Amino acid sequence: MGQSYARRIESLGESTTIAISTLARELKQAGKDVLSFSAGEPDFDTPQVIKDEAIRALKSGFTKYTAVAGIPELLESIKGKLERENGLKYEKNEILVSNGAKHSLFNVIQALVDVGDEVIIPSPYWVTYPELVIYSGGKPVIVQTTQESNFKITASQLKKAITPKTKMLILNTPSNPTGMVYTQEEIAALAEVLKGTKIWVVSDEMYEKLVYGVKFYSVAAISDDMMQRTITINGLSKSVSMTGWRIGYLASKDRKLVQLINNLQSQCTSNINSITQKAAVVAFKGEADNEIEEMRVAFEERMNFTCDAINNIQGLSVNKPQGAFYLFINIQQLPQYGNDSMAFCHKILEDQGVALVPGCAFGMEGFVRLSFACSLEQLKEGVARIVNFTKAL
Ligand SMILES: Cc1ncc(COP(=O)(O)O)c(C=O)c1O
């Protein structure tokens, strides 16, 4: 009938990975034995203590609206967690709980990025960052990192990318898709560049609990200057295997910003699920830490096996991840597909039933992402199929 849509909604791109996941589904439905290495969530169940608390909350009738930012005991438990585990001192009114870290990121970008503002995003990046910036009318400034720098933005790259229009830098440590973790020194070097500027830092620390042999540092903990300019984003989806519960949070020393985001959320979604809030308190108090550690150890074993196996395949190489549950595999030495990760992912899915995510989806060509959030048996079978595929090229 000729009506139009809002310009901003049409600016959102369709996920680059949809073509691959649709093909994987079609092949599965047609009876093909498809092994998926594209999972973005742990294959472990939520720890029992957390589920028990949810059942208690439900039975006691804790089923009504709550404060928008979260119930006081939840905010108190997050405050305690940030201080105990991250060395970050926030007050309760500097924390706001949302429907997953994705929602926290949406809120903060809506609240800070105006039309024309530039947001620096190191590539490879988690697919959602540039889309959220574009939706707010901002301009993503993509800074290509290299395998040599472990896919981390360097201080000199950051310096070059800054213009008078720069509003924000988005950091993600440990990283999806590369699994790399910024060291204290690397964060300090970036902090030095930002000193004296009005640039906000959004630090997405979703995978902090899943680290292998390195220490995780919160970006805001580096200095008082970083504490003031950083919005810390975290949640329970990955570290406690609670993807379906929908809980994430942001913390900022700028109380006005937190209040403004509270206003936004109060007009959109209000509080998150009341039962999830009660259950999450158990996680933030550390009562599921043993289960989290068991999961981390299992991930580390799978990572070591898969990483070594991939590095033994001619034409493939991967930097050992220090966190998260992904391998970002260099395919550039492969004939035919070296610089076409989408074509590579299509072909290996059709020929071998192996589902991977193309690097182009994360803003870096010549790589594919393999998720090791699946059993060791599946990983062994997957590696064997990848060997078959590359041998035949
Ligand atoms: C880097 C990163 N940040 C944030 C999220 C969002 O997690 P959630 O919205 O489930 O809390 C994800 C999920 O894939 C992620 O990989």
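## The domain interface

Begin at the boundary: across the interface of domain 1 and domain 2, 1 salt bridge is found, the criterion being a side-chain nitrogen of Lys or Arg within 4 Å of a carboxyl oxygen of Asp or Glu. Select Asp 45 and Lys 51, whose side chains form a salt bridge with an N to O distance of 2.6 Å.

This is a predicted model, in which local features require pLDDT of at least 70 and side-chain atom pairs count only at pLDDT 80 or more, while totals for chains, interfaces and linings use all residues. Residues are numbered from 1 along each chain as its sequence is written, and side-chain values use heavy atoms, with hydrogens and water left out.

Next, colour the two domains separately: domain 1 comprises 7-45 + 290-391 and domain 2 comprises 48-284, with bounds taken from an automatic or database domain assignment. Their centres, taken over C-alpha atoms, lie 25 Å apart. The contact (heavy atoms within 4.5 Å) draws 36 residues from domain 1 and 35 residues from domain 2.

Display the surface between them. Domain 1 and domain 2 bury about 3100 Å², 56% of it on carbon and sulfur atoms; buried area is the accessible area (1.4 Å probe) that two parts lose on being put together, summed over both. On the domain 1 side, select Asn 319, Gln 322 and Phe 362, which lose the most area to domain 2 and together account for 22% of what that side buries.

## A partly exposed arginine

Now move to Arg 246, in the loop between β7 (230-235) and β8 (248-251); strands are DSSP runs (E, at least two residues), numbered from the N terminus. Is this residue buried, partly exposed or exposed? Arg 246 counts as partly exposed because its relative accessibility is 31%, where buried means under 20%, exposed over 50%, and partly exposed in between (1.4 Å probe, protein chains only).

Show the surroundings of Arg 246: leaving aside residues up to four places away in sequence, it touches Ser 98, Asn 99, Gly 100, Lys 102, Ser 237, Ile 272 and Thr 276. Two distances deserve a label. The Arg 246 side chain reaches the backbone oxygen of Asn 99 at 3.3 Å, and the backbone oxygen of Thr 243 at 3.0 Å.

Finally, draw a C-alpha to C-alpha line from Arg 246 to Thr 22: the two residues are 224 places apart along the chain, and these atoms are separated by 25 Å.

Notes
Helices (H or I, at least four residues) and strands (E, at least two) are DSSP runs, numbered from the N terminus. A polar contact is a pair of N or O atoms within 3.5 Å; within protein, one must be able to donate a hydrogen and the other to accept it, and residues adjacent in sequence count only if both atoms are side-chain atoms.
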